[in-house]
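Subject: Structure handover

Hello,

Here is the structure I said I would pass on. My notes on it follow below.

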Amino acid sequence: VSDQRNRFHWNPTAARELFNFGRWIFFSTLLTYIATHVSTLLYGYFLGVSLLGVFWIALNLAKAIQALGQHLAGSVGFPALSELYRRDINAFYYRLRHVRLILTVPFIVGLLLACWIGPWFVSLVYHANYWEAGWMLSFLAAAFLAERINTTYGNAYMAMGRPDLVMLVVFLHVVVGLPLIMTGYYLAGAQGFLMGLVAEHWLMYIA
């Protein structure tokens, strides 16, 4: 049995690395929180009482596919990429393509299917009062297609120790997304609102 005792110790190098990495996580989390809650307020303001409930039905259906992909990316993709980046940077860039294919292709197929049969599925499962959720589901699935691809880039940035790039993307979501959504609404009402949402996600893919 070792006689060595555990004691408090200040490691300046570890503290500096933790601060440099953690500050970007803090700011990106703060921006995500703000963007999420502002979006929720906008949903209620632009869609109104009559469409808000229908919209949430469509949103939850689309998120059922997206949430599984996010969970796998966070619990499997990010740890695997982080370990690979620490061991072999060259192998990291080679394997990144394979990891991204595994974490995107099945869910892209599911989201494309939701785009295609969304209105039919809603009309089959829900009362006629909620059928407008069908076309909304198609729009939201199209937006989540881009988000599913973008999430794997975020996992790669984090594995590379570049949370600042993640924060930059979140910042662009806020700066670009709100004007697009508002412009879409004023041009084409509820459909324009969702078209702005789709455009925002695909512009983030380009970024």
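Which residues have the most contacts inside the largest nonpolar core? Please keep in mind that this is a predicted model. The largest nonpolar core has 27 residues, and the ones with the most contacts inside it are Phe55, Met136, Leu140, Phe193 and Leu194.

Next, the packing of two helices. A packed pair is described by the angle between the two axes and by the distance between them. For helix H3 (residues 133-159) and helix H4 (residues 163-206), the axes come within 10 Å and cross at roughly 170°. Angles over 145 degrees count as roughly antiparallel, so H3 is roughly antiparallel to H4. Sorted by class, the residues in the contact of H3 with H4 are 23 nonpolar, 4 polar and 1 charged.

Then the aromatic rings. The structure holds 5 aromatic pairs, and I describe two of them here: Tyr185 with Tyr186, and Trp202 with Tyr205. The ring centres of Tyr185 and Tyr186 are 5.5 Å apart and the planes are at 75°. Planes over 60 degrees apart count as edge-to-face, so that is the class of the pair Tyr185 and Tyr186. Tyr185 has a relative accessible area of 25% and is therefore partly exposed, while Tyr186, at 57% relative accessibility, counts as exposed.

The pair of Trp202 and Tyr205 is also edge-to-face, with 5.7 Å from centre to centre and 80° between the planes. Both residues, Trp202 and Tyr205, lie in helix H4, 3 residues apart, which is about one turn of the helix. How accessible is Trp202? Its relative accessibility is 32%, so Trp202 counts as partly exposed. Tyr205 also counts as partly exposed, at 36%.

Last, two places where an arginine lies over a ring. Arg100 is over the face of Tyr153, at 4.1 Å from the ring centre. The charged end of Arg148 sits over the ring of Phe107, and the distance to the centre of that ring is 5.7 Å.

When you open the model, you could begin with the core residues Phe55, Met136, Leu140, Phe193 and Leu194, and then go on to the contact of H3 with H4.

Regards

Definitions and conventions: Residues are numbered from 1 along each chain as its sequence is written. This is a predicted model: local features need pLDDT of at least 70, side-chain atom pairs count only at pLDDT 80 or more; totals for chains, interfaces and linings use all residues. Side-chain values use heavy atoms; hydrogens and water are left out. Axes are lines fitted to C-alpha atoms, for helices over the stretch in contact, and angles run from 0 to 180 degrees between N-to-C directions. Helices (H or I, at least four residues) and strands (E, at least two) are DSSP runs, numbered from the N terminus. Angles under 35 degrees count as roughly parallel, over 145 as roughly antiparallel, 65 to 115 as roughly perpendicular and the rest as oblique. Ala, Val, Leu, Ile, Met, Phe, Trp, Tyr, Cys and Pro count as nonpolar, Asp, Glu, Lys and Arg as charged, and the others, Gly among them, as polar. Rings of Phe, Tyr and Trp (its six-membered ring) pair if their centres lie within 6.5 Å; planes under 30 degrees apart count as stacked, over 60 as edge-to-face and the rest as tilted. Buried means under 20% relative accessible area, exposed over 50%, partly exposed in between (1.4 Å probe, protein chains only). A charge sits over a ring if NZ of Lys or CZ of Arg is within 6 Å of the ring centre and within 35 degrees of the ring normal. A nonpolar core is a set of buried Ala, Val, Leu, Ile, Met, Phe, Trp, Tyr and Cys residues joined through side-chain atoms within 4.5 Å.
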